[in-house]
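Dear colleague,

I am passing on a structure that you have not worked with before, and my notes on it follow directly below. Please read them with the model open beside you.

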Amino acid sequence: MGHEAAGLPNSKLVFKLKELPHKEFKRKGNDLIYTARIKLVDALCCTPLEITTLDFRHLHIALDQIITPNYVKKISNEGMPKQNVEIDAKNFNKPLPKGDLYIKFNIEFPVSLTEEQKNEIKKNLPE
């Protein structure tokens, strides 16, 4: 409510919010998109990933498959709080439902390999 006094009209207090871009997360509705930079060896060996969330929690993400360039991993309920959720006595103390977190992967390839490294890769990777 704005300024109120007997015999005077009520006034409105209006806030305008401007969402600023974040350097690591992008928002799409209630969902968040995060691009993880990982090394090729980590993509091939399914090395777990750790992400610091917007509220400074540390998520430990298990990777259960080889990460390919177009792979996206969905983490349910780790996005932004959903808007327009009706709150009543039954759910008053429960956390607000959230959107999802989508992790895209930017795989960093080595710039160069020695002949010995190339031979080891050829020997150990299936054709």
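The chain has 2 helices and 6 strands, where helices (H or I, at least four residues) and strands (E, at least two) are DSSP runs numbered from the N terminus. Along the sequence these elements follow one another in the pattern β-β-α-β-β-β-β-α.

Please keep in mind that this is a predicted model, in which local features need pLDDT of at least 70 and side-chain atom pairs count only at pLDDT 80 or more, while totals for chains, interfaces and linings use all residues. Residues are numbered from 1 along each chain as its sequence is written, and side-chain values use heavy atoms, with hydrogens and water left out.

Overall form

The radius of gyration of the chain, taken over C-alpha atoms, is 23 Å, whereas a compact globule of 127 residues would have a value near 14 Å; the globule rule behind that comparison is 2.2 Å times the number of residues to the power 0.38. Along the principal axes, the C-alpha atoms fill a box of roughly 90 × 35 × 20 Å. Of the 127 residues, 19% count as buried, a word that stands for under 20% relative accessible area, with exposed meaning over 50% and partly exposed in between (1.4 Å probe, protein chains only). Among the contacts with a separation of 6 or more, 54% come from residues 24 or more positions apart, contact being defined as heavy atoms within 4.5 Å.

The largest pocket

The largest pocket has a volume of about 210 Å³. A pocket here is an open set of points on a 1 Å grid over the protein atoms alone, where a 1.4 Å probe fits and protein lies on both sides within 12 Å along at least five of seven lines, and lining residues have an atom within 4 Å of a point. The lining is made up of E19, L20, P21, H22, F25, K26, R27, L32, L54 and M80, and strand β1 (residues 25-28) gives the most to it, with 3 residues. By type, the lining divides into 6 nonpolar, 1 polar and 3 charged residues.

Individual residues

D100 sits in the loop between β5 (72-75) and β6 (101-108), and is buried, with a relative accessible area of 15%. Which residues does D100 contact, leaving aside its neighbours within four places in sequence? They are N30, D31, L32, K74, I75, S76, N77, E78 and G79. One of these contacts, N77, is 23 residues away along the chain, yet the C-alpha atoms of D100 and N77 are separated by 4.8 Å.

I33, in strand β2 (residues 31-39), counts as partly exposed because its relative accessibility is 24%. Not counting residues up to four places away in sequence, I33 touches E24, F25, K26, K28, Y102 and K104. The C-alpha atoms of I33 and Q117, which are 84 residues apart along the chain, are separated by 35 Å.

Two residues other than glycine have a positive phi: C46, with a value near 55°, and F56, with about 65°. C46 belongs to the loop between α1 (40-45) and β3 (49-52), while F56 lies in the loop between β3 and β4 (58-61). F56 counts as exposed, at 67% relative accessibility.

With kind regards

Note on methods
Points joined across faces, edges and corners; volume = space filled by probe spheres on them. Nonpolar A, V, L, I, M, F, W, Y, C, P; charged D, E, K, R; others polar.
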